[in-house]
Amino acid sequence: MVLKKELRKRMIATRMTLSKEEVDKASKKIVQQLLVHPCYQDASVIYAYSSIKNEIKLDELFLHAFSEHKILALPKVHGERIDFFTIRHPGDLEIGAFGIYEPGSTCKKAPNPDLILVPGVAFSKDGFRLGYGGGFYDRFLSAHDAYSIGVGYGFQIIDELPVEHFDQKLSEIVTDR
């Protein structure tokens, strides 16, 4: 457990040193990869996230999904779990738990996903992720059978992570490298 805490602290600190230009450049590169990914192209319902603390920004992907009439859903925290709600435009978002933009109260619960885009603090080469420690995504992924793509920077990929019984493996990881 100490190893996870130390790794989390180190990776977030490294991510926070990135300039706005570096974040924007990496985000653009990753979004371009995602837009041509067969799972994105075939998906009707996409679950994504609102970026915080220099995470990869998916704003351009959101706009593309809206223009393609895909259903885009973002998470909303409810106690110990997250649920996803459909957004139709950026104005549907409001500041929620942990200071993260979430779907507002008028947003409807989303249908089951075809694709889930998952943020992380670190990712292992074999597909596991380290999050912020709340277990929200692990609980969610364990209950939903959809293709999941971890989204992060190349430096966030490490050889292996300490894995516990509740940790969920992602289908794949996409980075700026």
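The questions and answers below concern this structure.

Author: This is a predicted model, in which local features need pLDDT of at least 70 and side-chain atom pairs count only at pLDDT 80 or more, while totals for chains, interfaces and linings use all residues. Residues are numbered from 1 along each chain as its sequence is written, and side-chain values use heavy atoms, with hydrogens and water left out.

Reader: How many residues of strand E6 are buried?

Author: Helices (H or I, at least four residues) and strands (E, at least two) are DSSP runs, numbered from the N terminus. Buried means under 20% relative accessible area, exposed over 50%, and partly exposed in between (1.4 Å probe, protein chains only). Strand E6 spans residues 115-119 and is largely enclosed by the rest of the structure, because the buried residues number five of the five.

Reader: Which residues of E6 point the other way from Leu115, Leu117 and Pro119?

Author: In a regular strand the side chains alternate between the two faces of the sheet. In E6, Leu115, Leu117 and Pro119 point one way, and all the residues on both sides are buried. Those that point the other way are Ile116 and Val118.

Reader: Which residue in E9 is the bridge partner of Pro119?

Author: Two strands pair if DSSP finds at least two bridges between them. E6 is joined to strand E1 (residues 45-47) by two bridges, and these strands run parallel; Tyr47 has Ile116 as its bridge partner in E6. E6 also pairs with E9 in the parallel sense, over five bridges. The partner of Pro119 in E9 is Val151.

Reader: Is Ser148 buried or exposed?

Author: Ser148 belongs to strand E9, residues 147-151. Contact means heavy atoms within 4.5 Å; leaving aside neighbours within four places in sequence, Ser148 is in contact with Ile116, Val118, Leu141, Lys169, Leu170, Ser171 and Glu172. With a relative accessible area of 3%, Ser148 is buried.

Reader: Within what arc do the buried residues of H4 fall?

Author: Helix H4 covers residues 59-67, and its buried residues are Leu61, Phe62, Ala65 and Phe66. Seen down the axis of H4, they line one face of the helix, because the arc within which they fall (that of the directions from the helix axis to the C-beta atoms) is 140°.

Reader: Against which elements do the buried residues of H4 pack, and which residue just after H4 takes a positive phi?

Author: The buried residues of H4 pack against H2, helix H3 (38-42), strand E2 (71-78), E3 and E6. Just after H4, a positive phi of about 60° is taken by His69.

Reader: How many residues apart in helix H2 are Asp24 and Lys20?

Author: A salt bridge is a side-chain nitrogen of Lys or Arg within 4 Å of a carboxyl oxygen of Asp or Glu, and a search of the whole structure finds five. One of them joins the side chains of Asp24 and Lys20 (2.7 Å, N to O). Asp24 is partly exposed at 28% relative accessibility, whereas Lys20 is exposed at 54%. About one helical turn separates the two in H2 (residues 20-36), because their spacing is four residues.

Reader: How many residues apart in sequence are the parts tied together by Lys109 and Asp83?

Author: Lys109 is exposed at 56% relative accessibility, whereas Asp83 is buried at 10%. Their side chains meet in a salt bridge (3.5 Å, N to O). Lys109 lies in the loop between strand E5 (101-103) and E6 and Asp83 in strand E3 (residues 81-87), so the separation of the parts tied together is 26 residues.

Reader: Which residues do salt bridges that share partners join into one network?

Author: Asp159 and Lys125, both exposed, form a salt bridge of their own (2.8 Å, N to O). The network joined by salt bridges that share partners consists of Lys20, Asp24 and Lys57.

Reader: How many disulfides are there?

Author: A disulfide is a pair of cysteine sulfur atoms within 2.5 Å. Cys39 is partly exposed at 25% relative accessibility, and Cys107 is buried at 8%. By the distance rule, the number of disulfides is zero.
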